[in-house]
Protein chains: 2
Amino acid sequence: MEKEKIVQAIDILRELDIDLWMVIDRESGLLSDPVMDYVVGDGATWLSFFMFFKNGDKHAIVGNLDIEKFRRSGLFDTVSAYKGSPKVDLLRLLAQHNPAKIAIDYSLDCAAADGLTHGNYLNLLDLLKNSEFAGRLVSAEDVITRIRGRKSGEELRRLKLACQKTLEIYGKVGQVAKPGMTEKGLADWITAEREKMALAAAWEQSSCPAVFSGPQEIGAHSAPTGNILSPGHIFNIDFGVKVEKYCSDLQRTWYILRPGEKEAPAEVQKGFAVLIESIRLAFSGLKPGVTGLDIDQVARDYIVSRGYSEYPHALGHQVGRYAHDGGALLAPAWERYGNLPFIPLEKDQVFTIEPRIYIKDFGVATVEEMVVLTATGAEYLSQPQQELYVIKPS
Amino acid sequence: MEKEKIVQAIDILRELDIDLWMVIDRESGLLSDPVMDYVVGDGATWLSFFMFFKNGDKHAIVGNLDIEKFRRSGLFDTVSAYKGSPKVDLLRLLAQHNPAKIAIDYSLDCAAADGLTHGNYLNLLDLLKNSEFAGRLVSAEDVITRIRGRKSGEELRRLKLACQKTLEIYGKVGQVAKPGMTEKGLADWITAEREKMALAAAWEQSSCPAVFSGPQEIGAHSAPTGNILSPGHIFNIDFGVKVEKYCSDLQRTWYILRPGEKEAPAEVQKGFAVLIESIRLAFSGLKPGVTGLDIDQVARDYIVSRGYSEYPHALGHQVGRYAHDGGALLAPAWERYGNLPFIPLEKDQVFTIEPRIYIKDFGVATVEEMVVLTATGAEYLSQPQQELYVIKPS
């Protein structure tokens, strides 16, 4: 897929009028710029430069023993190898093309576009010192967020399949989850199901799945515990898998009936209905050109207007090869989100929608769907949860 | 093992008179400072600060939904959670301790100590702006290379076991490798053996193992090809496994007898003997206080004095959780190695010794051993290859 992504990258350079995009990496097995996987597809050992020019030229500069694999990849017009320093080759290629704007991979707000280490930034400045190029460096944030954000048909196929596999597992939880089971026990069953499917977890396995059982208000992002699923509790699961590198990230909510109950109590049903309606409202507002700030606001305001606390996080994030894939975010204007809530949304971006509601004395209801933006609106990649799932007391 | 590593880190801060070491990370699943695995042991979602003070205090500042897992880890005296910005907590902890030197994870020469992204460096400067702390930042290179370099008994046990497992597989190659087999075929057999042992590859699987067959001079670091192992060829393998996170990195060389040959030709035997003697000479020189430059020179000069070209790389690197683990290097004073060849070696560091010789018309002989520095010299972690292995023609 690297060739397809490089074509896309060069189109984006033209669109942004950036003359050169330069990915810089070394010892990739230890710490790799996340975009290496998209446009280089293999790791570097010594300080290496992968240069994509607006005119379509593509050049790599790598340490001598790495040359063979980058030649074989066929992605670059030339692969230069150095023994002492990459300086001569770097300055030669820069002088030949004389780029006015050179994008490098750093970003204040977006981790996915922040793959250049500070030491390598200093190395770059040192290599460029006394040249005119040091003053032409700009952030590649817009290049990378577009490469990651704009999904091709093939990328959407993989994301949809990842959703489907996740929902297959969720579909069996109702038969497996029983009062008396621990969060950990249920998580282990999900992990076993995932492994049967030979799929990787979408994020670090210790909290993928995360299983949270009520009745108290609980957090997120932590490992399942020995807490027991009990009648009268809500429990939710946050889980995803990777299909051919692409992630799902979906949440579902269940209620465990108490003896004698035929359905969840009214307050649980009401909270769940508010949650689902907030997702519907956000979904209805999604289309190219709106901002994530607006979409988050719709869901947040609705939940607060119904008497619940606002959720303590963003409404949704993009999804791709990483679950929190970066770029435009469906989020409030909190300082920690920087500029991300203000970026207009684009066609073919994939987002989660994941509000959360605490229902007092029962637990936290969360539902997370995945959607893709179309030319005029959005479509679900997941089959949305419409009804609260209930578990019968044993 | 995080607790043990934090104790070690705080001792090192005292030794270096650094008041505070601050590890900064976000979206760790996407791109993580390699030292997070040593002293934090779990990933962060939002911009997070893990602060280790010379006086032994340990504090974490994380995004609100991450708080639970870092509290549960028990590694930090306090875990502060923020919704908007980490600024208030960060400045409060800095003001309380008033550190004169604050080490952060960037390094020009050492990738393992260069885990801070440039964007997060800029985020840090922004958080510290108008405070006196921005002027107190220094590189944590010496902190990290010491943490990674000084192996405990437990770390040495794992490294030794990783060597042993690798040599077990190498021990069977003589029965499996046959003339007519491809590099790829032999590599696949090694991968299958490794998987039977349920061990991970020590580096990216596409070149772990690397298998290179003569007679031409060939590179390194690239994937095995369809080249056929043939009588009269030398072939070498570069391979390693991970045992409980710790790597081996070992190379071995074989010669395939031609019909009628009882042993390798004299020129092959001579080249191999020079290679082994260069390892012995380097090994004999190893002890705390010498530099990698000196050790590399001994092996390099000996090989050149015997009429062979010098190897186009460093003689050896440290090994730990990563195969090229960083810090002091057994290397010539080439620009690409920066300061690393000049750092005096220390007790309990683990190095490879891996010269290479091209034997004209036969191929490349490489042997790579692993050694640990003792108080007065060095000891092998691997059982060294002394004799050239030969494969009989079928």
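1. Basis. Residues are numbered from 1 along each chain as its sequence is written, and chains are lettered from A in the order in which they are written. In this predicted model local features need pLDDT of at least 70 and side-chain atom pairs count only at pLDDT 80 or more, while totals for chains, interfaces and linings use all residues, and side-chain values use heavy atoms, with hydrogens and water left out.

2. Domains of chain A. The domain assignment gives domain 1 (2-148) and domain 2 (151-391), with bounds that come from an automatic or database assignment. Their centres, taken over C-alpha atoms, are separated by 36 Å, and the contact (heavy atoms within 4.5 Å) takes 11 residues from domain 1 of chain A and 15 residues from domain 2 of chain A. Between them the two domains bury about 1,000 Å², 37% of it on carbon and sulfur atoms; buried area here is the accessible area (1.4 Å probe) that two parts lose on being put together, summed over both.

3. Aromatic pairs. Over all chains the structure holds 22 aromatic pairs, where rings of Phe, Tyr and Trp (its six-membered ring) pair if their centres lie within 6.5 Å, and planes under 30 degrees apart count as stacked, over 60 as edge-to-face and the rest as tilted. The rings of Trp21(A) and Phe52(A) have centres 5.4 Å apart and planes at 35°, so this pair is tilted. Trp21(A) lies in strand E1 (residues 20-25) and Phe52(A) in strand E2 (residues 48-53) of chain A, so the pair ties together parts that are 31 residues apart in sequence; helices (H or I, at least four residues) and strands (E, at least two) are DSSP runs, numbered from the N terminus. Both Trp21(A) and Phe52(A) are buried, meaning under 20% relative accessible area, with exposed over 50% and partly exposed in between (1.4 Å probe, protein chains only). Trp21(A) and Phe52(A) form one aromatic cluster with Phe50(A), Phe70(A) and Phe76(A).

4. Charges over rings. Arg321(A) lies over the face of Tyr38(A), at 3.8 Å from the ring centre, and the charged end of Arg336(A) sits over the ring of Trp46(B), 4.3 Å from its centre; the criterion is NZ of Lys or CZ of Arg within 6 Å of the ring centre and within 35 degrees of the ring normal.

5. A buried glutamate. Glu193(A), in helix H8 (residues 183-196) of chain A, is buried, with a relative accessible area of 7%. Leaving aside neighbours within four places in sequence, Glu193(A) is in contact with Ile169(A) and Lys172(A).
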